[in-house]
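Good morning, and thank you for coming.

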Amino acid sequence: MGHDQWEQDGAGWRTEEVLATCRRVSSAQLTVWVERHWLRPRHEGTSFVFSAADMARLELICDLREDLALDDEAMPVVLSLLDTVYGLRRRLRVLAEAIGDLPPEARYLLQDELRKRGEKDD
């Protein structure tokens, strides 16, 4: 069974599966990263279950450590900034969808208002 299927079933990855999948992290590091809330798996009994988002974040943390030599003090700052950027992207996508659902007249009014405000900023 592939990891995509596990996520669709809501099962996620257990710690041992995470360590087998991402060999760039040790068990001790994974524990520390969870304790520091860099990763937020859900608890099931005495073990953790990681979502697809947790797995992507784990790979990101490994990349940041290896490729950018980011240390443990800088990591929470970078992760927080990335979380903010991702949150803003989600909100912009929702806003764009809402604007797309407006009647054409309302979209034209909004476009005109945005153009006027853009001219004020220049």
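**Buried residues and packed helices**

R57 has a relative accessible area of 19% and therefore counts as buried; by definition, buried means under 20% relative accessible area, exposed means over 50%, and partly exposed lies in between, with a 1.4 Å probe and protein chains only. This residue is found in helix α4. Helices here are DSSP runs of H or I with at least four residues, numbered from the N terminus. Leaving aside neighbours within four places in sequence, R57 is in contact with W38, L39, L79 and D83, where contact means heavy atoms within 4.5 Å.

A word on the source. This is a predicted model, in which local features need pLDDT of at least 70, side-chain atom pairs count only at pLDDT 80 or more, and totals for chains, interfaces and linings use all residues. Residues are numbered from 1 along each chain as its sequence is written, and side-chain values use heavy atoms, with hydrogens and water left out.

Let us turn to the core. A nonpolar core is a set of buried Ala, Val, Leu, Ile, Met, Phe, Trp, Tyr and Cys residues joined through side-chain atoms within 4.5 Å. The largest one has 18 residues, and W33, L39, F50 and L58 have the most contacts inside it. At least two residues of this core come from each of α3 (27–35), α4 (52–67) and α5 (75–101). The helix that gives the most is α4, with five residues.

How do α3 and α4 pack? Their axes are 12 Å apart, at an angle of about 110 degrees; axes are lines fitted to C-alpha atoms over the stretch in contact, and angles run from 0 to 180 degrees between N-to-C directions. The two helices are therefore roughly perpendicular, a term for angles of 65 to 115 degrees, while under 35 is roughly parallel, over 145 roughly antiparallel and the rest oblique. On the α3 side, Q29, L30 and W33 meet L58, I61, C62 and R65 of α4. Not counting residues up to four places away in sequence, W33 touches V25, W38, L39, L58, I61, C62 and R65.

Finally, F50 is buried because its relative accessibility is 1%, whereas F48, at 23%, counts as partly exposed.
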